[in-house]
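Work through the exercises below with the model open. Try each task before reading its solution.

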Amino acid sequence: MKKLKAVLLGAGNRGTIYCDYALRKPEELEIIAVIDTNGFRAAEGAKRYNIPKEKCFTSLDDFIAANIECDFVVNGTTDRYHYETAMKVIGAGYNMILEKPITSSKQELMNIVNLAKEKNVKILVCHVLRYTPFYHSIKEIIDSGKIGKIMNMQLNEHVWYGHFVNSYVRGKSRNQAYSTSGLLIAKCCHDTDLICWLNNASAPSKVSSFGVKSFFTKENAPKGATQYCYECPHKQSCMFNAYKFEIEKDFIPFYTWHGIDKPLNEITLEEKAEYLKHNVYGQCVFQTDMDIVDKQTVSVQFENGSLATLNVVGGTSKAGRHIHIICEYGEIVGYIEDNKYKLRVFDKDEITYHEEEIDLNEINDIDKDDNSVIGHYGGDHYLMQEAMKYFNGLSHSVCVTDINDSIHGHLVCYAAEESRLNSIIVDIKDDLIG
Ligand SMILES: NC(=O)c1ccc[n+]([C@@H]2O[C@H](COP(=O)([O-])OP(=O)(O)OC[C@H]3O[C@@H](n4cnc5c(N)ncnc54)[C@H](O)[C@@H]3O)[C@@H](O)[C@H]2O)c1
């Protein structure tokens, strides 16, 4: 396999996670340039991948003007910049790994797909869950036909309250006006992608959805609560006290302290405490400018008559992604957190079923002590492993599909939002591309 050259666009958390593959597998990948509009991050990226000064950029336009050859660009910019940057990268003829969501607008999605076709550019969307041993193995069983075609899929996503508060109540995905994505597209385009990819023998045709914000609202703030936790009379008793959450527990430090341009291990306690006095991470969870829902349900009908439902709930005791697929001659049931699922196959003679546990903890090769490969249950690492084959033009797993088979889940999200906001059933049949 030829060693590939990649360029990092957006040297934040996600872009770095993908590019770190080059540090683990230097014989397969080299990061040759970095672009970040934030000079500090661009410089940190350059240091991390040993990139010379002349290949460290703070503007994508400057990078494109420099005409640097590479096999692909890793686009790890934030949601609101995906469209603008993706169009420039494709326009310049580069292949790209593009973070999800591709974009939050259907028209923009179509523009990206059409330009990629015109320029003959390969785009690999970071639907990292596809690449996990759990969903990959489920996909192989479905595609084998062993239990027949999918009739019904039930997916549930429970977002643990620590994660939900950090990313969707105080975090940068809390406000659609700012981030451009609502909860569904930001958190669940993975789940809608799974629904469509696992069932890609057919295409989604109708969608309906309900979604509400009912807990993280001003009305639920304790009486007399102040906007910032540091001065709040309830700070000792409140389970969401920012000091406990963000300093003592410090669940997701690379998000919380993102606004301080310093390496994480150099930020002092005093700096953190001061930061929380004026940053949204220090605000009362009932009084931030969160404008997205905290729970949503989605129903999807496919052209072949199969159905799917997705439930996402933000603020649960435990994180959990559960799947139950009912096929013509069997079922699949499991939680990705367990990394194993039950496969039930009908027993025609006894009019019952056989149940087998597929335990992926036993058969996958991931080193569970290596933090750099366990992100998204191994999905981040396996995505890059497959990307090496894809951009080398070699045969790859069923997880990698071209952009046409990566957009159905996004179309379901857009339709669900239209349904939720207008209380209608949305027909997406005519919107499909390709
Ligand atoms: N696949 C997944 O499961 C998953 C998980 C979390 C986040 N994400 C997505 O990953 C993306 C990045 O999230 P993150 O948490 O790494 O964000 P981040 O803020 O840590 O990193 C984004 C970086 O992009 C830079 N940037 C923004 N606009 C730019 C531009 N026009 N040109 C160059 N650089 C630019 C920022 O300065 C920042 O350094 C988001 O779209 C997010 O939704 C995906």
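Buried means under 20% relative accessible area, exposed means over 50%, and partly exposed lies in between (1.4 Å probe, protein chains only). Areas come from the Shrake-Rupley method with a 1.4 Å probe, and for residues only the protein chains shown count as cover. The model is predicted: local features need pLDDT of at least 70, side-chain atom pairs count only at pLDDT 80 or more, and totals for chains, interfaces and linings use all residues. Residues are numbered from 1 along each chain as its sequence is written, and side-chain values use heavy atoms, with hydrogens and water left out.

**Exercise 1. Trace the salt bridges**

Which residues does Arg 344 bridge to, and which strands does the bridge between Lys 206 and Asp 427 tie together?

Solution. A salt bridge needs a side-chain nitrogen of Lys or Arg within 4 Å of a carboxyl oxygen of Asp or Glu. By this rule there are 22 salt bridges.

Step 1. Arg 344 forms a salt bridge with Glu 331, with the closest N and O atoms 3.3 Å apart. Arg 344 sits in β13 and Glu 331 in β12, 13 residues apart. Glu 331 is buried, at 18% relative accessibility.

Step 2. Arg 344 also forms a salt bridge with Glu 355, at 2.7 Å between the closest N and O atoms. Glu 355 belongs to β14, so this pair ties together parts eleven residues apart in sequence. Glu 355 is partly exposed, at 40%.

Step 3. Lys 206 and Asp 427 meet at 3.8 Å, N to O. Lys 206 is in β8 (residues 204-212) and Asp 427 in β15, so the bridge ties together parts 221 residues apart in sequence. Lys 206 is partly exposed at 35%, and Asp 427 is partly exposed at 44%.

Step 4. Look for a network. Salt bridges link Glu 157, Lys 187, Asp 191 and Arg 321.

**Exercise 2. Find the negative patch**

Which residues form a negative surface patch?

Solution. Patch residues have over 30% relative accessible area and no salt bridge; like charges are joined within 9 Å, nonpolar side chains (Val, Leu, Ile, Met, Phe, Trp, Tyr) within 5 Å. Lys and Arg count as positive, Asp and Glu as negative; His and the chain ends are not counted. A charge is placed at NZ of Lys, CZ of Arg, CG of Asp or CD of Glu.

Step 1. The patch consists of Glu 337, Asp 338, Glu 357 and Glu 362.

Step 2. Glu 337 lies in the loop between β12 (330-335) and β13 (340-347). Glu 337 is partly exposed, with a relative accessible area of 31%.

Methods
Helix = DSSP H or I, 4+ residues; strand = E, 2+ residues; numbered from the N terminus.
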